[in-house]
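Please look through the structure below with its sequence at hand.

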Amino acid sequence: MSVHKTNIKRVTTHILQDMKERGEKIAMLTAYDYSMAKILDAAGIDILLVGDSASNVMAGHETTLPITLDQMIYHATSVIRAVKRAFVVVDIPFGSYQGNSSEALRSGIRIMKESGAHAVKIEGGSEIKESVLRILSAGVPVMGHLGLTPQSIYKFGTYTVRAKEEAEANKLIEDALLLEECGCFAIVLEKIPAKLAKQVAEKVNIPIIGIGAGPDTDGQVLVLHDMLGITQDFNPRFLRRYADLYAVMTGAVQSYISDVKEKSFPNNEESY
Ligand code: KIV
């Protein structure tokens, strides 16, 4: 048996729970590949989500629906190889858990076994209770996802804010309490009113991570390519861009092209 010794203290579900209890906010970002995950992990991110948003930002699909379980496992495996500290959560993609709870369990186990991930995320509330319980019973930590659940985009019809009406808000609160009761270690709330997200974070004892859910959740998550300004055509109100990598990368590539064309690259020092 090989034992890798390191002084870095890994983030665990217990540490995340403790952060909620102490009021320390949890920082989560998506990652889909080794190089990016290495940077985010070294920078000190708490949770890396191998999101099915890989379907959009890595593969160029319009929705998250086309990405397969095999493709998610490929992305997760690349991320896991880079990580020394962060807690790595992987989305169970559309079509690999809705059939029944055995299918959900099989998908969860494949993700954990083949990628080495630390937990899975699954979209939905009461309608997926059996699947959540079955995965948890195998000892796999589960993160819930409520509010705007992108795998249901064709049911919703639009990407607008969810749970503005009382009935949907009440169902969301009930679902959050149910996911906590089932044993989920955390829940993502996507694109819901800030007031409702605050209410959920106060009612539920497990960490609530928001995206477009205001400032009062226990943590925040953003899609990496959006917050770094690599994507350009996605501009929701909740998105803060921390860099304009589109411009930086375009400039770098244009400089390279002109250096090659002008024969100034490579120079003598760059040659053998
Ligand atoms: O797939 C994803 O990136 C997500 C986040 C938006 C939470 O589920």
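**A walk through the model**

On the surface, a patch of negative charge is formed where Asp259, Glu262, Glu269 and Glu270 gather. The model is a predicted one. Glu270, one of the residues in this patch, belongs to the segment that follows helix H11, which covers residues 245-261. Is Glu270 buried, exposed or partly exposed? Its relative accessible area is 44%. Buried means under 20% and exposed means over 50%, so a value in between is called partly exposed. Glu270 is therefore partly exposed.

The segment after H11 also holds Phe265. Phe265 takes part in a nonpolar surface patch, together with Val253, Tyr256, Ile257 and Val260. This patch has an area of about 450 Å². With a relative accessible area of 36%, Phe265 is partly exposed. The residue that comes next is Pro266, and the peptide bond from Phe265 to Pro266 is cis, its omega being near -5°. Pro266, too, is placed in the segment after H11.

Now turn to strand E5, made of residues 142-147, where Leu146 is found. Leu146 has a relative accessibility of 4%, and because buried means under 20%, Leu146 counts as buried. Which residues does Leu146 touch, if neighbours within four places in sequence are left aside? Its contacts are Gly124, Gly125, Leu172, Asp175, Ala176, Leu179, Ile187, Val188, Leu189 and Glu190. How far is Leu146 from Glu270? The two residues are 124 positions apart in sequence, and their C-alpha atoms lie 53 Å apart in space.

Two loops come next, each with a residue whose backbone deserves a look. Ala163 sits in the loop that joins helix H7 (153-156) to helix H8 (166-182). The phi angle of Ala163 is near 60°, a positive value in a residue that is not glycine. Ala163 is also buried, with 3% relative accessibility. The other residue is Lys191, in the loop between strand E6 (186-190) and helix H9 (194-203). Here phi is near 50°, again positive in a residue other than glycine. Is Lys191 buried or exposed? Its relative accessibility is 19%, and the limit for buried is under 20%, so Lys191 counts as buried.

Ser53 is in the loop between strand E2 (47-50) and helix H3 (54-57). Its relative accessibility of 12% puts Ser53 among the buried residues. Not counting residues up to four places away in sequence, Ser53 touches Thr30, Tyr32, Met58, Thr64 and Val223.

Tyr34 belongs to helix H2, which spans residues 34-43. What does Tyr34 touch, apart from residues up to four places away in sequence? The contacts are with Ser78, Val79, Arg81 and Ala82. A distance can be given here as well: Tyr34 and Val50 are 16 residues apart along the chain, and 11 Å separates their C-alpha atoms.

Key:
Residues are numbered from 1 along each chain as its sequence is written. This is a predicted model: local features need pLDDT of at least 70, side-chain atom pairs count only at pLDDT 80 or more; totals for chains, interfaces and linings use all residues. Side-chain values use heavy atoms; hydrogens and water are left out. Patches are made of residues with over 30% relative accessible area and no salt bridge: like charges are joined within 9 Å, nonpolar side chains (Val, Leu, Ile, Met, Phe, Trp, Tyr) within 5 Å. Accessible areas come from the Shrake-Rupley method with a 1.4 Å probe; for residues, only the protein chains shown count as cover. A salt bridge is a side-chain nitrogen of Lys or Arg within 4 Å of a carboxyl oxygen of Asp or Glu. Lys and Arg count as positive and Asp and Glu as negative; His and the chain ends are not counted. The place of a charge is taken as NZ of Lys, CZ of Arg, CG of Asp or CD of Glu. Helices (H or I, at least four residues) and strands (E, at least two) are DSSP runs, numbered from the N terminus. Buried means under 20% relative accessible area, exposed over 50%, partly exposed in between (1.4 Å probe, protein chains only). Contact means heavy atoms within 4.5 Å.
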